[in-house]
Amino acid sequence: MAGLIVEPVLANMGLVLPEKNFLKDLRKITNQFDIPLIFDEVVNGFRISEGGAQQKFGIKPDITTLGKALGNGFTISAVGGKKEIMNLLSPDGKVYQASTYAGNPVSVAAAISSIKTINKIKNKLYPKLERYCKVMVDEIDDLATDYKIPHTINSIASMFQIFFTTQKVIDYKTSKKSSTKKFHKLFTNLLKNGIFTAPSQYETVFLSDAHTDQNITKALGAYGLSLKAVKN
Ligand SMILES: Cc1ncc(COP(=O)(O)O)c(C=O)c1O
């Protein structure tokens, strides 16, 4: 097997957390059979911790991909990994790789600046993101419970998503149990009330350092009105 690639915390089927020991077992098995373990941290990177999901779960993959939050709005993606794997790439290695915008100086400067800023403020940043996320999740959970709407919410660090099912969402099959009709109603009503979230059940809601107490209060007001609409 050439490699095993996984998004450690799935953010493209709603938000689905890895089951206990899942990532640890993947690491054990891939080590045992000498298979490179690749973490796709394009979404997870810098959102779960400054060291991504791999830091949070204490797993060291052989290759990591990054993007999105890395550039803080600028267009960039990156791949990194073990020296012996990265040395296989050009210009030193035999595997040629090139791209029109690879190493774009503006994007690289933005990414370096983002990483420096994150490292400077990480002790305040991540607790703040987690606090906001918990406030959102707890309040949305209470609202949906009060309206007797079947639901379950998955969350980690600065990320969360609601599913309209009472079943625990642990994989793609269980995420498909959610009522996308209800989700669509939630999305359109949130938008009507001034809050834009990703327009699909199979995406994730993110908190950012730009968010303020007022933003959270406004978002929760909109969730209140929107969940009421979902009920009716
Ligand atoms: C988990 C994940 N990996 C990779 C990608 C692709 O990243 P890029 O647009 O930089 O090719 C995406 C895009 O949304 C993603 O969500």
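This is a predicted model: local features need pLDDT of at least 70, side-chain atom pairs count only at pLDDT 80 or more; totals for chains, interfaces and linings use all residues.
# Questions on strands, domains and salt bridges

Student: Is Gln-161 buried or exposed?
Tutor: Gln-161 is found in strand S6. Its contacts beyond four places in sequence include Gly-14, Leu-15, Phe-183 and Glu-203. A residue counts as buried under 20% relative accessible area. Gln-161 has 2%, so the answer is buried.

Student: How many residues of S6 are buried?
Tutor: Met-159, Gln-161 and Phe-163 point one way from S6, while Phe-160 and Ile-162 point the other way. Residues on both sides are buried. S6 is therefore mostly covered, under the 20% cut-off. The count of buried residues in S6 is 5 of 5.

Student: Why is strand S5 largely enclosed by the rest of the structure?
Tutor: S5 covers residues 152–156. The strand is largely enclosed because most of its residues are buried, the count being 4 of 5.

Student: In which order do the 3 strands form an open sheet?
Tutor: S5 and S6 pair in the antiparallel sense over 5 bridges, with Thr-152 opposite Phe-163 and Ser-155 opposite Phe-160. S6 is also joined to S7 (residues 205–206), again antiparallel, by 2 bridges, and here Met-159 stands opposite Phe-206. The order in the open sheet is S5-S6-S7.

Student: Which strands stand at the edges?
Tutor: The sheet has the order S5-S6-S7. An edge strand here has a single partner strand, so one of its sides is left without a neighbour in the sheet. The strands at the edges are S5 and S7.

Student: Which residue takes a positive phi in the hairpin of S5 and S6?
Tutor: The hairpin has 2 residues between the strands. One of them takes a phi near 50 degrees, and that residue is Ala-157.

Student: What is the relative accessibility of Leu-186?
Tutor: Leu-186 lies in helix H6 (residues 180–192). Beyond four places in sequence, its contacts include Ile-162, Phe-164 and Tyr-223. Leu-186 counts as buried, since its relative accessibility is 1%.

Student: What area is buried between domain 1 and domain 2?
Tutor: The domain assignment gives domain 1 as 4–113 and domain 2 as 122–231. Their centres are 26 Å apart, taken over C-alpha atoms, and 18 residues of domain 1 are in contact with 22 residues of domain 2. Carbon and sulfur atoms give 65% of the buried area, which is about 1,600 Å².

Student: Which three residues supply 39% of the area that domain 1 buries against domain 2?
Tutor: No other three residues of domain 1 supply more of this area. The three are Met-13, Leu-15 and Arg-47.

Student: How many residues apart are Glu-50 and Lys-122?
Tutor: Glu-50 forms a salt bridge with Lys-122, with the closest N and O atoms 3.7 Å apart. Glu-50 is in the loop between strand S2 and H2, and Lys-122 is in helix H4, so the bridge within 4 Å links distant parts of the chain. The separation is 72 residues.

Student: How many residues apart in sequence are the parts that Lys-56 and Glu-130 tie together?
Tutor: Their side chains meet in a salt bridge at 3.6 Å, N to O. Lys-56 is partly exposed at 41% relative accessibility, and Glu-130 is partly exposed at 32%. Lys-56 lies in helix H2 and Glu-130 in helix H4, so the parts tied together are separated in sequence by 74 residues.

Student: Which residues are linked in a network of salt bridges?
Tutor: The side chains of Arg-27 and Asp-62 meet in a salt bridge at 2.9 Å, N to O. Arg-27 lies in helix H1 and Asp-62 in the loop between H2 and strand S3, so the pair ties together parts 35 residues apart in sequence. Both residues are buried. With one further residue, the network consists of Arg-27, Asp-62 and Lys-82.

Methods
Residues are numbered from 1 along each chain as its sequence is written. Side-chain values use heavy atoms; hydrogens and water are left out. Buried means under 20% relative accessible area, exposed over 50%, partly exposed in between (1.4 Å probe, protein chains only). Two strands pair if DSSP finds at least two bridges between them. Contact means heavy atoms within 4.5 Å. Domain bounds come from an automatic or database domain assignment. Buried area is the accessible area (1.4 Å probe) that two parts lose on being put together, summed over both.
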